[in-house]
Amino acid sequence: MELTKERVLDTLRQHVTPGHPGLKIQDLTSVLDLDSKGRHRLRRLLQELLEEGVVERTPGARYRFPGNEEEEIVPAPSIAAPSGSGEARTGALEARTGAELAIGAHVNRVPVVGRIRVHPAGYGFVEREDGEADVFVPARFRGTALDGDRVKITTWMGYKGTEGRVQEVLERGRAKLTGTVRIARRHVYLEPDDPRIASAYGHVPLEDGPGGARDGQSVVAEITRYPTVPTPANKEGGGLWARVTHVLGDPDDPRTEVAKVIACADIPDVFPDDTLSAAQRTPRELTAADFADRIDLRDRPFLTIDPTTARDFDDAVVLEERGDGHRLWVAVADVSHYVQAGGALDREARVRGCSVYLPDRAIPMLPPELSSGICSLNPEVDRCAMVVRIDLDRDGVPREKALAAAVIRSHARLDYPGVAAALLGDFRGPRARYREWADSLARMHSLAQKMRERRRRRGSLDFDLPEAAVILDEDDPRRVRDVRRSRANQEVKIAYQMIEEFMLAANEAVAEYFRERGLNCVWRVHDTPDSERLTEFARLAESFGISVSPEEGQSPLALQRVLAQVAGKPFERSMNFLLLRSLKQATYDVVNIGHFGLASKDYLHFTSPIRRYPDLIVHRLLKVHLRRDGSPSGGASHPPAPRREDLAAMAGESSSHERRAVEAEREVVDMYRAFLMRDRIGEELDGIISGVTSFGLFVECSEPFVEGLVKIDQIGDDRYELNEESMRLVGRRSGRSFTLGDAVRVRVENVSVPRRRIDLSLLEGGTVGEKKRAEQRRPRARRRKGKG
């Protein structure tokens, strides 16, 4: 039976009586007997009913008809400290933001569960597991929760949104601390790097002493005892104890900071002995047996095109001209031929999940014997590959596709700067070898442009958010020479986009193969945006003259129009970033809900099995089904496809490992930015306001490419308040204002490498935006004077 709004409403009428808290999505799914597709449609119908006001969503992600609530009044908490003490005054002030002013407010009877993110000032926000908006937790009501803990909270509606109190810590979110060992007579303790720990608990006592560290050395320590009662910072330790596990060395060495990040993120950076032994047993070249059940494509002039510094080559491409269009071949390293499911290499690859790329090192998913050896599509050697053949018409529209196992031979290893130069006709010096491939590259570029335009027309979102490229001294990696924008050169960017377009097409072709046959797979999915976040973004965008409704924002085409409107504006990057934050994260899943950001119905990751575990899973599944179809699959037999529940577990692990890698890479780059700027205190820089908060302005400087904070007390002699709707700081007395995209000049005041922080001060003279506004006011003033 088709799932309609009326069926959903009938179910709510039958099961939700007056006073009932409502039904969760899983309850409705069970009662309506829905499969995964039905559950996805249910979500859409409930969203429409919410927007129409027919149903309401209550805390705990329950749905019911409006007016069913049963509410409870909770008295204000007592304040234990003497009324004249500073602690009492502080407690009273905090309580005014929460439960004390919530007398008469409605308290949620159902506990909320989520992860708490703590600010150094002590307060926090709980990211709810039910997907609802974050909950503000005042410092007084945080209990013993540390940053990252999974907590259970009670909530109420405060004046500025939902607030809460931690009832219970369900699961600790961190097991390690980093910091500096201090030895003072018989006392040995850790000075934590994390200000959220330092401000709450002060020095952390070390069990078993310094663990081999000298006074002043950086270490990693595991937490051995968690606090059982809230403890102010002036009481040393506060119930938090730790034990040194790794002595990292000199805190003045950026490599020490990188080691901290790797250790605290639990990223494996040393291969176990059984993995290394398996890697050493891997063949160094193909044998006659490797050609079995594969098509021979060694005569095709495949090319690898990668960054200059790349050492492992996942993919190669070749484009053939046909009478009625083009034939694109995308060859991808056949890692599954050498990494057997369940073996030592596979177990370690699954634990790592992906390769991690840092400025001073790469932490590969596979040992180098495979990642840059037998699996890598190195030039002028035979390699096993899985290939996608896509036949396209003259306009770049795919007509037919085929998938198979093959043997290929890369004819040349090219890089993006070289390809960019060749497309411009520059064959000077070492680029002379590109002349041989000039015609082929030009045809590839032309086809990629057509494919990109087709993708744009369907609504695919392309965020222009440059990343930071850290330049280290080649002779001394402890020295940071510069931090620049990555792919700042537009021609190099075009070369990169050319290969990106071919990889996206290959991923979609493989995804369509699985969808057309109704096969289980690990999909790359990106859900539609949350309406609340889109509403917040739309309100902000409107203050900048950008029109978008939350309802329209459920379509990628509407958000693409937003990107087009902000293009070239001073606030372009900030608005791009804010829009990106309003979207959900892309993840791996066994349920195909499509990819919102790419405006794609079917999408997965297939083209990077050397560095991503989900791609390796897809290769194994593809081989099983190619074998059943009678197509070349690279072997006489393959292990059976994993069960759906096992695939779901792998997908969840892969999503987690990806987030771990992204966060580590971002933190290391921020560390290097701070390291670069610590010797430049006092310098003046030009920048753009990239973020506006109640506590100050974030300013992004282009040379070097760093971001710092101008605290609100460093802005000027005025009291500034945040207008949240327009994202503008406004001076109460002067009317002076600051907003996203304003050009400013700042001075570097302070730098903290352990805290990855650059503090700036705003130089007098205002912003470019202010000057323009002042100029617009002056003519009116002159006219008034003239009339007098």
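**Reading a buried serine, a helix and a core**

Tutor: Start with one pair. The side chains of Ser-336 and Lys-623 are joined by a polar contact of 3.0 Å. Keep in mind that this is a predicted model.

Student: Is Ser-336 buried or exposed?

Tutor: Use the cut-off: buried means under 20% relative accessible area. Ser-336 has 7% relative accessibility, so it counts as buried. Beyond four places in sequence, Ser-336 is in contact with Leu-616, His-619, Arg-620 and Lys-623.

Student: How many residues of helix H6 are buried?

Tutor: In H6 (residues 254-264), 8 of the 11 residues are buried. Among them are Pro-254, Val-258 and Ile-262. The cover over these buried residues includes strand E9 (176-184) and helix H17 (644-677).

Student: What caps the N-terminal end of H6?

Tutor: Asp-253 does. One of its side-chain oxygens lies 2.9 Å from the backbone nitrogen of Arg-255. Just after H6, Asp-266 has a positive phi of about 55°.

Student: What about nonpolar side chains?

Tutor: In soluble globular proteins, they tend to be buried together. Here the largest nonpolar core has 92 residues, and Leu-441, Phe-502 and Phe-514 have the most contacts inside it. Helix H12 (residues 490-516) gives the largest share, 13 residues. Apart from this core lies another of 63 residues, including Val-261 and Phe-705.

Technical notes. Residues numbered from 1 in each chain as written. Predicted model: local features only at pLDDT ≥ 70, side-chain atom pairs only at ≥ 80, totals over all residues. Heavy atoms only, no water. Core = buried A, V, L, I, M, F, W, Y, C linked by side-chain atoms within 4.5 Å. Buried < 20%, exposed > 50% of the residue type's maximum accessible area, 1.4 Å probe, protein only. Helix = DSSP H or I, 4+ residues; strand = E, 2+ residues; numbered from the N terminus. Polar contact = N/O pair within 3.5 Å; in protein donor to acceptor, adjacent residues only side chain to side chain. Contact = heavy atoms within 4.5 Å.
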